[in-house]
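Please open the model in your viewer and keep the selection panel at hand.

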Protein chains: 2
Amino acid sequence: MGKGQQTRETIVGTALEVASVAGLDGLSIGDLAGRLGLSKSGLFAHFGSKEALQRAVLDAAVARFVATVVRPALARPPGLPRLEALVTHWIGWIEACGLPGGCPLLAAAVEFDDRPGPIRDMLRREQALWRDTLVRAARLATGLGHLRPGTDADRLAFELSATAYGYAVQQRLIGGPVLAAMVRAVLADILARVRVDDVAGRA
Amino acid sequence: MGKGQQTRETIVGTALEVASVAGLDGLSIGDLAGRLGLSKSGLFAHFGSKEALQRAVLDAAVARFVATVVRPALARPPGLPRLEALVTHWIGWIEACGLPGGCPLLAAAVEFDDRPGPIRDMLRREQALWRDTLVRAARLATGLGHLRPGTDADRLAFELSATAYGYAVQQRLIGGPVLAAMVRAVLADILARVRVDDVAGRA
DNA sequence: TTCCTTTCCGCACGACCGTTCGTTATCCTC
DNA sequence: GAGGATAACGAACGGTCGTGCGGAAAGGAA
């Protein structure tokens with residue numbers, strides 16, 4: 001990896017931390033250069049435009065999410081264990097993604113959902129992709145007989161994702177261990193309603 | 001109402017539209033003055049600081065939410081009808097609150113959840129207040145015998161609110177009538193699970 | 001060592017930011 | 001009609017914004 005590439009990654013890493021608090025639009029080339037001991041123009045040369053920097057930051061956020069949530073879950077056996085791992089790691093990510101400002105993907109989605117352009121296109125694509133990941137995992141779990149036959153994968157994915165998104169929204173302002181326990185109980189119940197309990201037979 | 005007060009309300013109304021798209025921090029005094037045919041200094045004099053303008057905009061957003069969602073629902077008879085009305089009007093607000101950028105309260109909550117200050121304090125207070133409104137409605141419905149005895153009002157309120165928040169997050173980027181139908185079905189099922197069905201007896 | 005490329009800097013530009021100040025219209029009250 | 005408050009203005013302040021250009025330093029290949 002050349003020096004330029006390394007510098008670029010350092011910049012994007014710091015920018016991701018800043019953006020998680022100030023938002024993608026709150027990023028400032030001058031401020032970022034100051035934090036890193038670089039000149040404004042030197043930092044700018046790595047990207048060519050502020051929007052390109054924002055896109056790089058978003059890419060980094062997605063990569064972090066995939067590494068923290070998706071990849072570990074896909075390593076679990078297919079079916080219910082994998083679906084449960086997706087949800088569990090997601091909740092963990094919401095509570096502690098390692099960035100000072102909470103989940104940058106949720107923040108960016110809410111920030112850019114009404115501003116046409118490549119950023120919104122990226123967000124739309126990533127959110128749809130994540131949704132599909134959940135739906136596919138649910139469908140697979142049904143196919144493997146872990147969930148009741150006839151389970152609506154789209155709806156199950158929506159119930160799980162809406163609960164997690166809703167938790168993410170409330171967790172930052174209200175938060176607390178009570179809420180943390182509640183979201184876990186709710187998610188467990190959603191799954192329990194469609195799970196095939198191979199001890200007691202179907203409900 | 002004096003002329004100043006009227007101008008102030010015009011400013012805040014336009015600012016609310018802008019902020020719903022650009023965010024509270026995306027508000028710009030100069031831009032706002034240009035839209036309204038006012039001078040920067042003339043507009044500024046009405047508030048004294050940008051933060052005071054942001055607070056006024058937030059107040060206006062809350063007032064709009066109360067007028068559109070809370071008040072009509074509180075006009076319904078207490079118990080299950082009122083709780084259902086709260087949720088139904090909320091979903092309606094999420095889909096069409098009359099502002100170009102979607103629900104400004106959700107946007108502000110995500111934007112400011114990690115920035116200490118009076119804005120975040122206001123948001124925290126309002127979000128907690130809205131939560132309490134749902135919890136109280138649920139508790140009242142249980143007390144009136146509309147919901148199963150022993151129903152956990154906190155948890156029911158969380159299930160409903162998380163579903164709505166989660167819908168709000170996904171609706172703007174993915175959206176569509178399928179999702180709209182799904183959230184309504186999910187909310188109906190959440191209520192059906194705790195409702196006392198006085199025709200067929202408890203389940 | 002030489003040479004070329006990559007990396008970064010200093011400087012500057014025009015635009016816009018929030019804010020302040022002094023001044024001018026407009027209106028209500030006496 | 002005079003006097004005082006209210007409302008809005010224009011100009012300017014110091015800063016920061018994203019961006020562009022020319023040159024200096026650093027690195028690697030020959």
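Begin by selecting chain A and chain B together, since the rule finds six salt bridges across their interface, a salt bridge being a side-chain nitrogen of Lys or Arg within 4 Å of a carboxyl oxygen of Asp or Glu. One of them joins B:Asp114 to A:Arg172, whose closest N and O atoms are 3.7 Å apart. Bear in mind that this is a predicted model, in which local features need pLDDT of at least 70 and side-chain atom pairs count only at pLDDT 80 or more, whereas totals for chains, interfaces and linings use all residues. Residues are numbered from 1 along each chain as its sequence is written, chains are lettered from A and ligands numbered from 1 in the order in which they are written, and side-chain values use heavy atoms, with hydrogens and water left out.

Next, show the whole contact (heavy atoms within 4.5 Å), to which chain A gives 40 residues and chain B gives 40 residues. The two chains bury about 3,600 Å² between them, 65% of it on carbon and sulfur atoms; buried area here is the accessible area (1.4 Å probe) that two parts lose on being put together, summed over both. Within chain A, select A:Arg155, A:Phe158 and A:Leu173, which lose the most area to chain B and together make up 21% of what that side buries.

Now move to DNA strand D, which is surrounded by 18 residues, counted as near if one of their heavy atoms lies within 4 Å of the strand. The closest are A:Ser28, A:Lys50, B:Ser39, B:Ser41 and B:His46. By class, this surface has four nonpolar, eleven polar and three charged residues, where Ala, Val, Leu, Ile, Met, Phe, Trp, Tyr, Cys and Pro count as nonpolar, Asp, Glu, Lys and Arg as charged, and the others, Gly among them, as polar.

Which parts of DNA strand D face the protein? Of its atoms within 4 Å of the protein, 56% belong to sugar or phosphate and the rest to bases. For the phosphates, zoom in on A:Ser28, where a polar side-chain atom lies 2.5 Å from a phosphate oxygen of DNA strand D, and then on B:Thr7, where the corresponding distance to a phosphate oxygen is 2.9 Å.

Methods:
A polar contact is a pair of N or O atoms within 3.5 Å; within protein, one must be able to donate a hydrogen and the other to accept it, and residues adjacent in sequence count only if both atoms are side-chain atoms.
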